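Subject: Structure for your files

Hello,

Here is the structure I said I would pass on. My notes on what was found follow directly below it.

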Amino acid sequence: MTISNEDELLKLKEIGRIVANTLAAMGAALEPGMTTAELDVIGRRLLEQEGARSAPELCYGFPGATCISVNEEIAHGIPGHRRIEPGDLVNIDVSAEKDGFFADTGASFAVEPVSKAAQRLLRDGRRAMWTGIRQVGAGLPLANIGNAIGEFARKNRYTLVRNLASHGVGRSLHEEPKELATWPDRSERRKMQEGLVFTVEPFLSLGAEWAADGEDAWTLFSEPRAPTVQYEHTVVATRTGPLVLTLPA
């Protein structure tokens with residue numbers, strides 16, 4: 001989607017605020033002993049209170065309002081009976097629709113106590129995302145995002161999962177431009193148009209380079225198995241740089 005008027009921007013800001021506030025509330029509610037299904041109920045309730053609909057449920061028939069992935073699960077985890085334990089890394093991905101507009105956000109959380117390596121990974125996962133976001137701007141190469149994140153990962157001795165990419169969003173959950181690499185991609189020649197709406201969502205890991213299918217139709221696992229985190233914002237490319245739509249307010 002490329003924003004063409006102020007009304008579209010206002011509606012994107014509204015759904016961006018909703019998913020951001022939902023993610024923040026779910027992260028604050030996270031505690032040992034609760035199930036991922038119980039955490040998902042919190043997210044569903046908050047979305048419904050704002051008149052928003054779960055995007056994965058609406059678009060793909062996903063069996064939950066939000067995606068909740070624990071430890072070796074790195075994306076698209078189905079909320080269910082799994083109990084959250086001390087030491088877990090939990091990724092929460094919230095995307096939703098309201099008034100025909102979509103926004104997408106996510107973050108990883110630690111359930112204390114966790115190791116210093118895990119704490120560092122969480123900190124640097126967020127840093128990696130912002131490293132990519134700082135490359136966003138009208139007229140700039142999309143490749144700059146993956147190049148910057150790749151250099152950050154290399155310098156700090158991390159790996160990047162290379163088959164889970166950023167994507168366009170706005171009028172649907174996944175749209176053009178598709179497959180926006182958050183790693184160096186020499187084949188990427190596209191540029192960011194003014195008003196272009198898309199996500200920036202690197203998967204930073206202590207060894208994983210791939211997302212592998214599990215036994216169900218949704219959950220993806222780190223391959224090789226290694227602690228992995230993901231942080232995600234929906235952004236707009238403007239003449240003055242990135243406009244982040246998914247900040248809590």
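Glu 179 is found in strand S8; helices (H or I, at least four residues) and strands (E, at least two) are DSSP runs, numbered from the N terminus. Phi of Glu 179 is near 50°, a positive value in a residue other than glycine. The residue is exposed, with a relative accessible area of 57%. Here buried means under 20% relative accessible area, exposed over 50%, and partly exposed in between, with a 1.4 Å probe and protein chains only.

Please note that this is a predicted model: local features need pLDDT of at least 70, side-chain atom pairs count only at pLDDT 80 or more, and totals for chains, interfaces and linings use all residues. Residues are numbered from 1 along each chain as its sequence is written, and side-chain values use heavy atoms, with hydrogens and water left out.

Strand S8 covers residues 175-180 and pairs with strand S7 (residues 166-168) in the antiparallel sense, over two bridges. Two strands pair if DSSP finds at least two bridges between them. Ser 166 has Leu 180 in S8 as its bridge partner. S7 and S8 form a hairpin with six residues between them, and Gly 170 in the turn has a positive phi of about 150°. S8 also holds Pro 177, which is joined to Glu 176 by a cis peptide bond with omega of about -5°.

Other backbone points to check

Most residues other than glycine have a negative phi, and most peptide bonds are trans. A cis peptide bond also joins Glu 223 and Pro 224, again with omega of about -5°. Pro 224 is found in the loop between S12 and S13. Asn 71 is not a glycine but has a positive phi of about 55°. Asn 71 sits in the loop between S2 and S3 and is partly exposed, with a relative accessible area of 26%.

The protein as a whole

There are five helices and 15 strands in the protein. The C-alpha trace spans about 45 × 45 × 30 Å along its principal axes. For 249 residues a compact globule would have a radius of gyration near 18 Å, and the protein, at 17 Å, agrees with that. That radius is taken over C-alpha atoms, and the globule rule is 2.2 Å times the number of residues to the power 0.38.

Of the 249 residues, 56% count as buried. Among contacts between residues at least 6 apart in sequence, 68% join residues at least 24 apart; contact means heavy atoms within 4.5 Å. The protein exposes about 11000 Å², and carbon and sulfur atoms supply 50% of that area. Accessible areas come from the Shrake-Rupley method with a 1.4 Å probe, and for residues only the protein chains shown count as cover.

The protein has 27 positive and 34 negative side chains, and the centres of the two sets lie 8 Å apart. Lys and Arg count as positive and Asp and Glu as negative, while His and the chain ends are not counted. The place of a charge is taken as NZ of Lys, CZ of Arg, CG of Asp or CD of Glu.

Strand pairings

S2 (residues 67-70) is covered on both faces: Cys 67 and Ser 69 on one side, and Ile 68 and Val 70 on the other, are all buried. S2 pairs with strand S4 (residues 89-98) in the antiparallel sense over four bridges, and Cys 67 has Asp 93 in S4 as its bridge partner.

Strand S12 (residues 220-223) runs antiparallel to strand S3 (residues 73-75), and two bridges join them. Glu 73 has Phe 221 in S12 as its bridge partner. S12 is also antiparallel to strand S11 (residues 210-213), with four bridges, and Ala 211 stands opposite Ser 222. A hairpin of six residues joins S11 to S12.

An open sheet of three strands has the order S6-S10-S13, with antiparallel pairing. S6 (159-160) and S13 (228-230) are its edge strands, each pairing on one side only. S10 (residues 203-205) and S13 share three bridges, and Ser 205 stands opposite Thr 228.

A glycine in a helix

Gly 150 lies in helix H5 (residues 143-155). Gly 150 is buried, with a relative accessible area of 12%. Leaving aside neighbours within four places in sequence, Gly 150 is in contact with Leu 160 and Pro 184.

Regards
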